[in-house]
Amino acid sequence: MKNKTYLKRVAAIHDLSGFGKCSLTVALPIISAAGIEVSALPTAVLSTHTGGIDGYTYRDLTEDMRPITKHWKSLDIQFDAIYSGFLGSFEQLDIVKEFFHQFRTDKNLILVDPVMADNGELYKIFTLDFAKGMRSLCEKADIIVPNLTEAALLLDEPYQPGPYTQAYIENTLKKLSKLGPKKIVLTGVYFKEDELGAATYETASNTTGYFFVKRIPGYYHGTGDVFASALLSALLNNFNLVESTAIAVRFTANSILRTYKAQTDYRFGVDFEQCIPDFLKELKLV
């Protein structure tokens, strides 16, 4: 690994699921492997993630988030990036906005993954009012990483199933940028049934980019967290948005492919761990 004189640091604001690879159990190993320190601000603790698994325990940590933030502020901790994902309540939306206000600098990056929906449906624990609240959080971000269902909710538009047209995707990207973030990465994009990938948009240059891989059969939980964590890792290793998106798509697809070949339970997350060596090679860290 490259010898770095400065260790970058990310504040990761996500839930912690004891079993099932998503949120912090994905963000911590991926970002750390990329040579970046991670400070975890948990929003909830669950026995498992909620996708396709019944009977899980759920402990809301809303009351702990402000005291943790206050303590970190008292230590004058600085972050190169702030990365928010699953939030469990309306109050947490406000707490995360406060966190952005307290720790934002001229040099750091705020990435919001507006975790709340997929495949045309809100997750069961959320409401349309929560989607409106998530929109206000995205307005504070530098970069957002919604899937197409979340994009529709953020724009208060009906969900459109794919395949998509390039005109539809680019119109969606530009409308999302008008919410406030300067950079958009839209996931779940495809123009043909046998492909899947992501699209990017940067307001400063008014440029759009795409990256696709061959679609792998099945539905896999936690892939959005794998993708966003890999994307942020690449950005903080000085790759541009299009390069970072391509790296994240390949890493996520390779993790899905390994899971598909192993025929492990798709509900439990993808086998990203053994894909990390190739990921680090793409980051030019080894």
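This is a predicted model: local features need pLDDT of at least 70, side-chain atom pairs count only at pLDDT 80 or more; totals for chains, interfaces and linings use all residues.
**Entry 1**

I began with the strands. Nine of them form an open sheet, in the order E3-E2-E1-E4-E5-E8-E9-E10-E11. I noted the pairing as mixed. Which strands stand at the edges? I found strand E3 (58-60) and strand E11 (207-214) there. Each has a single partner strand, so one side of each is left without a neighbour in the sheet.

Next I looked at one pair inside that order. Strand E8 (residues 143-144) and strand E9 (residues 183-189) run parallel, and two bridges join them. Ile 143 stands opposite Lys 183 of E9.

**Entry 2: helices across the sheet**

I then asked which strands helix H2 (residues 62-74) lies across. They are strand E1 (9-19), strand E2 (37-48) and E3. H2 runs at about 170 degrees to E2. Helix H6 (residues 166-177) lies across E8, E9, strand E10 (195-202) and E11. Its angle to E9 is about 140 degrees.

**Entry 3: a helix pair**

Two packed helices are described by the angle between their axes and the distance between the axes. I looked up both for helix H3 (residues 90-103) and helix H4 (residues 128-138). Their axes come within 10 Å and cross at roughly 0 degrees. Angles under 35 degrees count as roughly parallel, and H3 and H4 are therefore roughly parallel to each other. On the H3 side, the contact is made by Phe 90, Leu 93, Val 96, Lys 97 and Phe 100. H4 brings Asp 129, Phe 130, Gly 133, Met 134, Ser 136 and Leu 137. By class, I noted seven nonpolar, two polar and two charged residues in this contact.

**Entry 4: helix H8**

I checked the length of helix H8 (residues 241-262). At 1.5 Å a residue, its 22 residues should span 32 Å. The end C-alpha atoms are 32 Å apart, which agrees. At the start of H8, a side-chain oxygen of Asn 240 reaches to within 3.2 Å of the backbone nitrogen of Val 242. Gln 263 follows H8, with a positive phi near 55 degrees.

**Entry 5: two loops**

Most residues other than glycine have a negative phi, and most peptide bonds are trans. I looked for exceptions. Asn 119 is not a glycine, yet its phi is positive, about 50 degrees. I found Asn 119 in the loop between strand E6 (117-118) and strand E7 (121-122). Where is Pro 163 found? It is in the loop between helix H5 (148-154) and H6. A cis peptide bond joins Gly 162 and Pro 163, with omega about 0 degrees.

Technical notes:
Residues are numbered from 1 along each chain as its sequence is written. Side-chain values use heavy atoms; hydrogens and water are left out. Helices (H or I, at least four residues) and strands (E, at least two) are DSSP runs, numbered from the N terminus. The expected span of a helix is 1.5 Å times one less than its number of residues. A polar contact is a pair of N or O atoms within 3.5 Å; within protein, one must be able to donate a hydrogen and the other to accept it, and residues adjacent in sequence count only if both atoms are side-chain atoms. Axes are lines fitted to C-alpha atoms, for helices over the stretch in contact, and angles run from 0 to 180 degrees between N-to-C directions. Angles under 35 degrees count as roughly parallel, over 145 as roughly antiparallel, 65 to 115 as roughly perpendicular and the rest as oblique. Contact means heavy atoms within 4.5 Å. Ala, Val, Leu, Ile, Met, Phe, Trp, Tyr, Cys and Pro count as nonpolar, Asp, Glu, Lys and Arg as charged, and the others, Gly among them, as polar. Two strands pair if DSSP finds at least two bridges between them.
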